[in-house]
Amino acid sequence: MFIKTTNPAFKNFGELVCENLDRDFSKDINIKNKSIKKLKLTSDNSTFLKVNKGVVMILVSLDGKDIKSFIINRIINLKKGIYFNLISISDESEVSIISKGEFESINLKEEYTYTKISSSLNIDQIYTKFYQEKGTNYSFAGESHPYWELTYVDKGNLSTNVDGKEYNLKQGDLIFYAPFQFHTQATSDNISSYLTINFKMDSNDYEVLCNKVFTLERESYNIISKLIEELSNDDIYSNDLSICYLKQLIIHTARLKNTYFQSKPTTHMRQTYENSLLNEILSFIDEHIYEKLSINTLCSHFCISPSMIHSLFKKNMDNTVKNYINELKLSKSKELIKNTSYTISEISEMLGFSSIHYFSKKFKTSFGISPTEYSKSIYD
């Protein structure tokens, strides 16, 4: 994080100036450099710096070795005997240096280089987005294409052959296909629902992302849920949000794999307790999904307050308890429609909805199709 010269830590090197400056000894310099090899040494107590244009970082040191960095956001007066130099954070900057003395210079042992904050992973476009539901013994002969592809299994299981190697994906698993990577997809004795996205991405992280199956953690699952939601929207900036969520998903997935074998001990016992409690609550909801669940029911069972359970879900799930339960019930209703002979009315009653009208309304809001239309799309 950047620190401004208004930070108290800068007092070791100089002070802020509010009054007008004597311009007789002023020299305006243009700065473009992103690195320095030398430090200048102030010879008196009248070295003033004022940024006229751009964003400027000042590097300062008491001994010429231990370098601190600050963003100049006011006129500053450097103390005598301070080593300093300037780097332009913006493309170009202009600084007025006002000093009566001359600057000596010392060479640094190593060049100091500013690394700009910029994206190393760019997604220009999402070409296609499909949410597919395939029956038993489905088989896709395979393809390769000049763009990236990801497949996320939402329900069931899916097998894929990538360049001659077989991979099996279960619910919650994700796989990436690199450009020109030949891949097939198939189901066996199960129905599979999965998301497929084709996209253009500037990235050479083939080794990090490809030829492996990722099992998503809860945080990544929340991201992909938001991604699916935005891909189905036509609201303002939905396309931008979709690309943001896709990029976020890729970064989280890459980090997940990179830290998989790094077992870091937790130092936050409360967070460990909260996660453990949350897992128990989620398991309880899943086991009792066919019952009428309420926040009071959960609070009573786990001996916690409503505010605590709301905080748990907000912090870890970015969701409310009520929404999570409704989403799970609706997801379960799709399974029942696909895999059982129950009527829509029976499924509505089984999952504890107040009426079939309310159930149908919620189903259509979530999936963009009514339960009856969904049933017909599978069996017609």
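Tutor: Buried means under 20% relative accessible area, exposed means over 50%, and partly exposed is in between. The model is predicted.

Student: OK, so where does Asp318 fall, buried, exposed or partly exposed?
Tutor: Asp318 has a relative accessible area of 38%, so it is partly exposed.

Student: What does its side chain pair with?
Tutor: Asp318 forms a salt bridge with Lys314, at 3.6 Å from N to O. Lys314 counts as exposed, at 55% relative accessibility.

Student: Which residues are in the salt-bridge network?
Tutor: Lys226, Lys314 and Asp318 are linked in it.

Student: How many salt bridges turn up in the whole structure?
Tutor: Seven. One of them joins Asp124 and Lys200, with the closest N and O atoms 4.0 Å apart. Asp124 sits in strand β11 (residues 122-134) and Lys200 in strand β18 (residues 192-202), so this pair ties together parts 76 residues apart in sequence.

Student: How accessible are Asp124 and Lys200?
Tutor: Asp124 is partly exposed at 45%, and Lys200 is partly exposed at 38%.

Student: Switching to the overall fold: how many helices and strands?
Tutor: There are 10 helices and 19 strands.

Student: And what is the radius of gyration, against that of a compact globule?
Tutor: The protein has 29 Å, whereas a compact globule of 380 residues would be near 21 Å. The C-alpha trace spans about 90 × 55 × 40 Å along its principal axes.

Student: What share of the residues is buried?
Tutor: Buried residues account for 41% of the 380.

How values were computed
Residues are numbered from 1 along each chain as its sequence is written. This is a predicted model: local features need pLDDT of at least 70, side-chain atom pairs count only at pLDDT 80 or more; totals for chains, interfaces and linings use all residues. Side-chain values use heavy atoms; hydrogens and water are left out. Helices (H or I, at least four residues) and strands (E, at least two) are DSSP runs, numbered from the N terminus. The radius of gyration is taken over C-alpha atoms; the globule rule is 2.2 Å times the number of residues to the power 0.38. Buried means under 20% relative accessible area, exposed over 50%, partly exposed in between (1.4 Å probe, protein chains only).
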